[in-house]
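Me: Can you walk me through this model? Start with the terms, then the packing.

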Amino acid sequence: MPNDERLRELRRKARSLPTTSGVYVMKDVLGKVIYIGKASNLRRRVGQYLLNSSARRAESPKRAALCESIADFDFVNTRSDAEAVILESSLIKQWKPRYNTLEKDNKNFLLLRVETFSPLPRFTFARHRKDDNSIYFGPYLGVSAIRRALAEIKKQFGILLSDAHPKRLEDGRWRLYDDARSEISKYPNIVSEAEYAERVRAAIDFLGGRNAELQAQAKKKMEATAMEMEYEAAAKYRDLLSAIMQTRRANARGCPHADISRTPEEIATAAAARLKEVLGLENPPFSMECFDISHISGSFAVASMVRFENGEPAKKKYRRFKIKSFVGNDDFRAMREVVGRRYSRLAKEGLPFPDLIVIDGGKGQVFSALEAFGEAELPAPKIVGLAKREETIVLDDFSEKLLPRTDEGLRLLQRLRDEAHRFANSFSRDLRSKKIRESILDDFPSLGKKRKENLLKHFGSISKIKSATAGQLAEVEGIGRETAEALRKFLDANFPEYAGGKAENG
């Protein structure tokens, strides 16, 4: 088709487009998809691609090449700009058009995560799926686009995003956002958990495409064009229909075991009931405490204890421990110490023990925890270990259970263990940073906090830094040869017994 004739035909088709939001699909003369875009006004947006050559002189070469290559286009209406953004990203992932280069970079992939394990689920972003009973949508392409879409969804449904820190009020209801201006649209800022759960369900339905409107539109167009024997056009709508359905199936695969019909409390109750069954408990474990040890090559050894009640973190009851009975790298001994200290104190104060104690580790760590109760002459509650590599549950008789990764009881144990690990590591980092600030290295000029932290992380202790040769110091990230030699001279002057580094002196 001559260029001018093609343009006239495309313009006539564009003038018949609706002025609503939607997604348009540009194709070349071979019918190949070359660009996919979104629009708040389809007629106006598509028309901008069909201007005369003189009107496009200011455009970039890439944009001009795209416009010259357009031989046909299709479109799908959407209910809102947010829905257009999500559909656009999904179709780009499906077809990978040559002119959507920015959207095809894997580094831009994002998942939309609904934290269904929380009393007030937030809608956040994630790079990877976890077995945490969240619901995941995506992956989506284009970070800025999906962020704009989520902001729009917040307005439409009144849900919490990652920047929210809701507070419980005296009457049991929740204030979603601290700022009074956060009362958005028709949704109040103060709600009950049941009222907020309805908002979450509506937003999940929207993201999951359960209204089926997009699918119905594509199917209607496909059938109409087939009836008119326009089989090529019908095939194009068939492709659109296929992409929409595949997108919906991908979303459903995001968390196939999550049940959005259940409240977080119901999920926690089911997980506790599963643990009662698996671990042979008399009752479902309402209260659970988990211990983890953290250190760097034996230095800054600390432990954490986190507590869950009814499946949720009880953060005010978390505890941190410095290892006091020895110096070095002995996880078993450290575990025995902190478990003994924790429950000896509870017994002395007349406070109840938890229904279940979880140890981050295998048989050795579980044995150490049992030893602590024996040394303190205290009756031990149920104790289990969770070994990370295969997520094996180690019972207090040292038998093992291996549950499916989708098991709700295992997921609850994983959440508890991961929280203990996070809490222990944060404590270790705090101590390490404090030690770095107080160390002799503070007197060495031009050595900032980051490089001191890298030195300590690499060698594990100040004494090992003193013993290092200039060559070994230069291996540390951020420490060049010149700085390493200057640091070695500084250490030689202050610690003659380490002169030159022990490795050099033998």
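Reply: Buried means under 20% relative accessible area, exposed over 50%, partly exposed in between (1.4 Å probe, protein chains only). This is a predicted model, so local features need pLDDT of at least 70 and side-chain atom pairs count only at pLDDT 80 or more, while totals for chains, interfaces and linings use all residues. Residues are numbered from 1 along each chain as its sequence is written, and side-chain values use heavy atoms, with hydrogens and water left out.

Me: OK. How many residues has the largest nonpolar core, and which have the most contacts inside it?

Reply: It has 29 residues. Phe 123, Ile 153, Ile 159, Leu 176, Tyr 196 and Leu 207 have the most contacts inside it.

Me: Which elements give two or more residues to this core?

Reply: H4, S4, strand S6 (135–140), helix H5 (143–157), strand S7 (160–161) and helix H6 (193–208). H6 gives the largest share, six residues. Helices (H or I, at least four residues) and strands (E, at least two) are DSSP runs, numbered from the N terminus.

Me: What does Leu 176 touch?

Reply: Leaving out residues up to four places away in sequence, its contacts include Leu 120, Leu 160, Pro 166, Val 191 and Tyr 196. Contact means heavy atoms within 4.5 Å.

Me: What is in the second core?

Reply: That one is separate and has 23 residues, among them Ala 271, Val 278, Val 384 and Leu 413.

Me: Switching to H11. Which of its residues are buried?

Reply: Gln 365, Val 366, Ser 368, Ala 369, Ala 372 and Phe 373. They sit on the same side of H11, because they cover an arc of only 160 degrees around the axis. The arc is that of the directions from the helix axis to the C-beta atoms.

Me: What do they pack against?

Reply: Helix H10 (331–349) and strands S15 (356–360), S16 (382–387) and S17 (392–394).

Me: And what follows H11?

Reply: Glu 377, with a positive phi near 55 degrees.

Me: Lys 96 is not a glycine either; what is its phi?

Reply: Positive, about 50 degrees. Lys 96 is in the loop between helix H4 (81–95) and strand S4 (110–114).

Me: Is Lys 96 buried or exposed?

Reply: Exposed, at 52% relative accessibility.

Me: Where does Phe 398 lie?

Reply: In the loop between S17 and strand S18 (400–401). Phe 398 has a positive phi of about 70 degrees. Phe 398 is partly exposed, at 29% relative accessible area.

Definitions and conventions: Core = buried A, V, L, I, M, F, W, Y, C linked by side-chain atoms within 4.5 Å.
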